[in-house]
Amino acid sequence: MSILLAGEFDAAERAHWLGLLRAALPDETLVTEPTDADSIDIAIVANPPAGVLQGLPKLRLIQSLWAGVDRLLADTSIPPEVPLARMVDPAMNEAMAETALWAVLSLQRDFVDYAAQQRERRWQQHPQRRADEVQVAVLGLGQMGRAVVRRLDANGYRVAGWSTREGRLDELLAASDIVVNLLPLTPITRGLFDSRRLAAMRRGACLVNLARGAHVVEADLLAALDAGQLRHAVLDVFHSEPLPADHPFWSHPRVTVLPHVAAQTDARSAAALAAANVKRWRTGEAVANLVDRARGY
Ligand code: GLV
C-alpha cells in the first residue's frame, strides 16, 4: 500500500515534503499522484482543494499537515468514516504565540500608527500604555489559544480566555481592548464577528484574526473600522485567499494585512509528527489528534 501526498504545493515545496517524509518513513511508498488509486490507503494533505481525495476506495486515514481542517471537513467527496487527524505541533503553537504577541504589542504601543506615520513623514508621539493596562481576550482555548494566553500573560497583559463552551461572549468583548481570534471554524463560529458582535466590542478596541477569514463578516468589519467603533484590525486570514488585489483591506489605514503566515506548518517537525501517526496506524495503535467531525475540529 502507499501514501498519497496532496496539497497546494509548488514543485519545490512538494520535493521538500517528499524528502522529509521519505526520510521519516523509509519503509513506505510515497506518491504525489493517485495513478494507482487502489494502492493508496493513507493520504497526507496540506489544505487540498475539494475533490482531491475522491476515487480512493482503500483510503483509511487522512493526516492533515494543517492545524485547521475546516476545508477538509467541508469536502463532501471525502467519506465521513475515514478518520482524519489534524496537525498539532508545538512549533506551530509557538509561532502563533509570537504572532499574537507581535500584534498585541504593536497595538498596545501604537507601533501600527507609527508605521503609517513614517509613510507620511509625520513625527507624532502617542501616550505610552503599559501592558498591564491592556485587557486582551483570546477566543479559542485549544493548543494554539493556550500557547497565546501563556505568552501574553508572561508579557504582562491582562488576559482572559474564552471558548465556545462558555457563554457570555458579549460581556468579555465589552471589557476587552484587544480581541485575538483563534477559534476553529465551525458552523457555530462562522460569521461570529458580524455587525452585532463588533458593536458589542469596546469602542476603539482592536481585532486580531489569526484563525479563519470566515469568522469575520468582512463588510461589517469595514463598516466598524470606518465608523471608529474599532481602532484597528490585524488580519492574517480572509474569505478569499490570496486576498484579491482590489480588496479594500489592502489599503485601509486601520488594517494590517498578513498573507496567512501567523503560524505556518514547520515542515521539519510536522513531517516527524505525521510519520509518527502513520506508524501508529500501521501498528494498530491509537492515532493522535483525531478530528471529531460532529464538533468540527
Ligand atoms: C493554517 O491556517 C493551519 O490551519 O495550519
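A polar contact is a pair of N or O atoms within 3.5 Å; within protein, one must be able to donate a hydrogen and the other to accept it, and residues adjacent in sequence count only if both atoms are side-chain atoms.

## Basis of the report

This is a predicted model, in which local features need pLDDT of at least 70 and side-chain atom pairs count only at pLDDT 80 or more, while totals for chains, interfaces and linings use all residues. Residues are numbered from 1 along each chain as its sequence is written, and side-chain values use heavy atoms, with hydrogens and water left out.

## The ligand and its surroundings

Trp66, Ala67, Gly68, Met92, Arg212 and His260 surround the ligand, a residue being near a molecule if one of its heavy atoms lies within 4 Å of it. By class, this shell holds three nonpolar, two polar and one charged residues. Here Ala, Val, Leu, Ile, Met, Phe, Trp, Tyr, Cys and Pro count as nonpolar, Asp, Glu, Lys and Arg as charged, and the others, Gly among them, as polar.

A polar side-chain atom of Arg212 is 2.8 Å from a ligand oxygen, and a backbone N or O atom of Ala67 is 2.7 Å from a ligand oxygen. For His260, an N or O atom of the side chain lies 2.6 Å from an oxygen atom of the ligand. On its own the ligand has 190 Å² of accessible area, of which the protein covers 89% (Shrake-Rupley method, 1.4 Å probe).

## Two domains and their contact

An automatic or database domain assignment gives domain 1 (2-89 + 265-282) and domain 2 (91-257). Their C-alpha centres lie 32 Å apart. Ten residues from domain 1 and seven residues from domain 2 take part in the contact, which means heavy atoms within 4.5 Å.

Between them, domain 1 and domain 2 bury about 720 Å², 56% of it on carbon and sulfur atoms; buried area is the accessible area (1.4 Å probe) that two parts lose on being put together, summed over both. One salt bridge is counted between the domains, the term denoting a side-chain nitrogen of Lys or Arg within 4 Å of a carboxyl oxygen of Asp or Glu. Arg212 forms a salt bridge with Asp70, with the closest N and O atoms 2.9 Å apart.
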